[in-house]
Every structure is written in C-alpha cells, then in structure tokens.
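Dear colleague,

I am handing over the structure below, and after it you will find what I have noted so far. Please read the notes with the structure open beside them.

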Amino acid sequence: MSTDKRKALLGMVLIGVALAVLPFLVGKGLGNSWVRVLDFALLYVMLALGLNIVVGFAGLLDLGYIAFYAVGAYLYALLASPHFGLHWPVWAILPMGALVAGFFGVLLGAPTLRLRGDYLAIVTLGFGEIVRIFMNNLNAPINITNGPQGISQIDPVRIMGVSLSKPLEIFGLTLSSVYLYYYLFLALTLLVVFVSIRLEDSRIGRAWVAIREDEIAAKACGIDTRNVKLLAFAMGATFGGVAGGLFAGFQEFVSPESFGLMESIMVLCMVVLGGMGHIPGVILGGLLLAVLPEALRHGAVPMQRALFGQVLLDPESLRMLLFGLALIAVMLYRPAGLWPEARRKREFAEKAK
Amino acid sequence: MDTFIQQIINGLVLGSIYALVALGYTMVYGILGLINFAHGEVVMIGALTALTVIKLLANSGLPGIVVVLLGLAAAVPVCMALGFTIERVAYRPLRNAPRLAPLITAIGVSIVLQQLAMIFWGRSYHAFPPILPTTGRDIGGAHITDLQIVIVLLAAAIMAGLMLLVNKTRLGRAMRATAENPQIAGLMGVNINAIISATFLIGSALAAVAGVMVSANYSIAHYHMGFILGLKAFTAAVLGGIGNLPGAMLGGVLLGLIESLGAGYIGDLTGGFLGSHYQDVFAFFVLILVLVFRPSGLMGEKVAERA
C-alpha cells in the first residue's frame, strides 16, 4: 500500500469516526432538535446529489426536481399508513419508490429531450407544479392523496422489527429516535455519494459531461444523447424518490405543502452554490443551506430584538430573502460555486472573458 | 350555450392580460435570448403599488376611473424603474456568461422581489376597493362587465401601439436590429445597452398595466400572484412563438380561451373525475404539448439551435 492510499484510508476512517460521533456532540451541545436538523440536512444532501446528476453532470436545468421527492414520499405514505390499510416494510417500499420516481423521471425526460436551457427549466417547473396540483386535488372522487390535508400516521421506518421512532437501548446507551434516523440517513447518504462518485467516473458520467459541454459534438462522437439524457433524469429522480420515502417515514406525515416550487429552488440553490457537478461542493452546499436557515431561525429573532427592539422580519422571509440574494451574488461573483470542480472553474473563467 | 359564450368572454379578458405580460417576456427573449424569470414579479409589484395608491384615494371623492388611472400612473414608473434596475444588476454583468447563469440570477431576483413585497405589503390578500362601476351588458345570455370591455379594448390598443412603435419608429428599428444581431447592430451605430434598457422599460410598463388589470378584474392582489401569472404568460409567449410580438398576443388570447373553456368543461369531459381546480394544469399541458410538437410556436420561425 502506497503512502497516498494509506493517507486516503486514514482520512476516510477519520471522517467516518467524525460522522459517527457528530450527533452526540451536536445533541449534547445544542440539544436534540439540532440532531433533527442534521437528519434533514442529510436528506437534503441526498436530494442535492440527485439533482446534481441532472443539473451538474448533464447540464439540464431541472426546476421541478422536488416532484420526485414527492413521488417517493407519497408512495411510502400510501403503502405504509392506515390510509389504505397497507403496511409494507420499508425495504420493499424504498426500492419501489426509487423505481417509480425513476419512471417519472423518464416520463418528464421523454417529451423534453429536444429542449435545452431555459425552455427545459420552464417545462420541468410546470411538471413539478402539475404533480403538486394533482396531489392537492386527488382526494375526489376517489380519495387517493387525501388532498391538502395530507396523509398522517405513516408507519415509522422499521429495521428488523426495531422501530426507529422509539428510543433504542444498545450497549447501555439510549439512542433517541433522531439518532437512529441519523445513522440510517447517513448510511444511505454515503451510498448515494458512492454511487455518484462511481457514476461520475463511468462511461455514462463522461457522456453526461460531454453533453453538458456540447451536445452536438457529443452526438458526433457517437453518444446516444437521447438515452443518456433520459438516464440522467431517471438516475436523478431515483435519488429523489429514495430521499422522499425516508422523509415520509421520518416525518410520519406528508402533505402537498412540502413539495412546492420553493423546495425545488432550494435544492437547486444547494447544487449551484456548492458547485455544479462537483460532488464535495454539492455536499457542502446541501449542508450549508440545510443548517444555516435553522441557525437563522434561532439567531435572527433575538438578534433583531437586540438591535431594533422588535422583530422586523420573520425568519422565514429573511431566509428566502437571503437565498435570493445569495443566488444573485454567487452567480455574479463566483459563478462556478463555492467549491467548484477544477475543470468547471476554468470553463467559467474562460467564458466570462 | 350561454355558459359557452360566458367562458369565451372570460377567456378573452384573461387572454388579453396574458398577452400584455407575454409581450414583456417575448421582447426580452427576442433581444437577449433570456427568459426574464422576474417579469411576473414586476406585474405583482405593479398591481400592489397601484392598489396602495387606489386604496389611499378610494375615499377622496374622486371618480373611480380617475383613482384607478392615478394608481396606474404610480405603478408604471415604479415598474419601469424596477425593470431597468433588474437588467442592470442581474442580467447585464452576465451577458456573456454561460446561459445557466442569468437564468439563476433571474430566479434569485424573483425570490427577492417576492419576499420584499411580502415584507412591504404583508402576507394577506388585498381587496380592490369597489370604486369602479359594475354595470355591464348581456350578450346571448352571458354577462360582460364594462370593466372587462375596457380591459380587452385597452389591451388591444396598447398592443397596436407597440406594433407601431416596433415597426415604424427609429427606436423600433433599432430594437429589431438588435434582436437580429447585437454585434452588427452595434457596428451600425445602435447603442445596444440603451436599446436593451428601453426594452426592459417598455416591457415593465406593460407589466404594470397588466398588473392593474388583473387586480381590478379579480378584485384582489397579493404578493404571490406574480409567479403563476408570469408562468402562464411565458407559456403564452412560447405558444405563439417566443420572440415574436404578434405571436405573444395570439398565444395570450388562445391560452386564456383554452384555460377558461377547459375549466368550464373539464368536469363534463371527464365525467366529474377532474374539476375546475385543475385550471392551472392546462397552461402547463399546453406548454409541454407545444414544446414537443411545435417548439418554435404557432407563429415563430424555425429557430436554429438557439439553446
């Protein structure tokens, strides 16, 4: 084993240990509500990595990505809740969610293959809205989605008979629900990261990048652009579907409200701010944008009281305002993102000239 | 039959408003090749600005029409200033950047405007004061109010004026030249930046008028109204052939008709399975169908590999 490999291995072990003890540090230091924030951050990282395949690798701007998250979440909700009286195990639902979301990805991709850039953005946005409108209204005449009220009392995730919604005692250590979900999400996030990295280095990954750079040239080089683009949509959607299923199990409640356009834009922000197409950058973006708003929520109100003696802006609108400003600022001053891929950075620098 | 005529009338009114907003999209797209995502928010700001003025003056004793015109007079410059600023801040620095970049700043601008409007005007719905005459007339069993007649006529007049401006004046010629080829137009002595600014100014003024029309027609305005309106107007622009002015008008009116007829009849068509709350879905289906079968729109020429 060369020293480089040994270093890499050591790094991985250190990161692994850090990730394993992180919830304990956070939980002890800031309270369990912050471990919950971490759980959500992991879900968002999964989503961001999924969208990264479509936007970052293949260069197809998708503004309706949250629809796949919604599909995954609703599938879980319908198959494991008293709504239809079904209680399927999570290991059956998640792969199915991935498959169904992937199918929806192809459904979206097929008619939009000929479009590029801004047209594609608008169509995907419309697709996301269509999915949301249907979820909002499919409670009559046959009640499928229970309309705007959403579906509640969803079964929590169970692994080998152990429900993750109740504290678990293990080796004399009591782990509350948020910790258990943290480890589950962490495991799946690592899987998603692994798949992303392998995809990026694969023949398909290179084909995606080729299409992003110049579709006509890619076609001329013998890439079947149609299928490869469809595959990008399907792969991205798959990640979204899995994350959606986990979300439903974790929340034990889903409603159309969680799947609005703003959520799509938030995930897009994670990808763009982090660095499109660069996996570590996207992870950074996902973590930052999932954790910062929470910090803002906790910090903004007392800060405004201290500064102005009253709360001028509610944290939610402050959060969105900062998002909007961040999107503009990053595009103007760091168009390749906070942690860009080396190749992409060069490319943006060249074109900006 | 009377429902049919009623839906046609509603569709025409809605369509005229879409057409006005769609013109803003299509002009900017024609010149910059950019979807001005924030255009819908400009409409919203126009509507709310006008409404603020109208509410202030509602009890002043002035006739309703004058109050509305004053509201409009306030909204137009505000929107023009806004459009001008948006172009300067968010689009001009990125004119030669990869295409994704200005699209993302446009989304950012859209979010910022929406949040600012929410901070300014609150989350609540603002009702349009009942100062306009509600008289109307009956045509074949359907009812059309004077306000709706005014909306349709005014929209038609504005569009005719715009066509004259674009086709007959010096400014219009410069705009067409810039849309054709900015570099060459620049060589011919056209001040490209000024033309682009002018385009944004005109588009935003139209947006202000459309905003006032929407809020007067539905008697309501709120900070979230711009998004869906903008999306539909964009659909209208694409339907007509983006970059093409008569196309945007045709697309707007067609989309208005499709939507209101669709909403009126979807219940019967699907045996009650889908109701009129699916109205918003139509625009998107139309958009997807157009892009699949005729990406250049109804009146657009074949655009070669623009994206």
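In this predicted model, helix H3 (residues 66-79) of chain A packs with helix H4 (residues 90-112) of chain A, and the residues that meet are Ala67(A), Phe68(A), Val71(A), Gly72(A), Leu75(A), Tyr76(A) and Leu79(A) in H3(A) with Ile93(A), Met96(A), Gly97(A), Val100(A), Ala101(A), Phe104(A) and Gly105(A) in H4(A). By class, the residues of this contact of H3(A) with H4(A) are 11 nonpolar and 3 polar, with no charged ones. The axes of the two helices lie 9 Å apart and form an angle of about 140 degrees, which makes H3(A) oblique to H4(A), and the crossing of H3(A) and H4(A) is right-handed.

As for the domains, the assignment for chain A gives domain 1 (1-30) and domain 2 (34-352), whose C-alpha centres are 25 Å apart. Where they touch, 5 residues of domain 1 of chain A are in contact with 6 residues of domain 2 of chain A, and the side belonging to domain 1 of chain A has 4 nonpolar residues, 1 polar residue and no charged residues.

Turning to the two chains, the contact between them takes 34 residues from chain A and 35 residues from chain B. On the side of chain A that touches chain B, the elements giving two or more residues are helix H5 (117-137), helix H10 (261-274), helix H12 (315-333) and helix H13 (342-352) of chain A, and H5(A) supplies the largest share, 11 residues. That side of chain A divides into 24 nonpolar, 5 polar and 5 charged residues.

With best wishes

How values were computed
Residues numbered from 1 in each chain as written. Chains lettered and ligands numbered in written order. Predicted model: local features only at pLDDT ≥ 70, side-chain atom pairs only at ≥ 80, totals over all residues. Contact = placed C-beta atoms within 7 Å. Helix = DSSP H or I, 4+ residues; strand = E, 2+ residues; numbered from the N terminus. Nonpolar A, V, L, I, M, F, W, Y, C, P; charged D, E, K, R; others polar. Domains from an automatic or database assignment. Axes fitted to C-alpha atoms, helices over the stretch in contact; angles between N-to-C directions. Parallel < 35°, antiparallel > 145°, perpendicular 65-115°, else oblique. Left-handed = near helix turned anticlockwise from the far one by under 90°.
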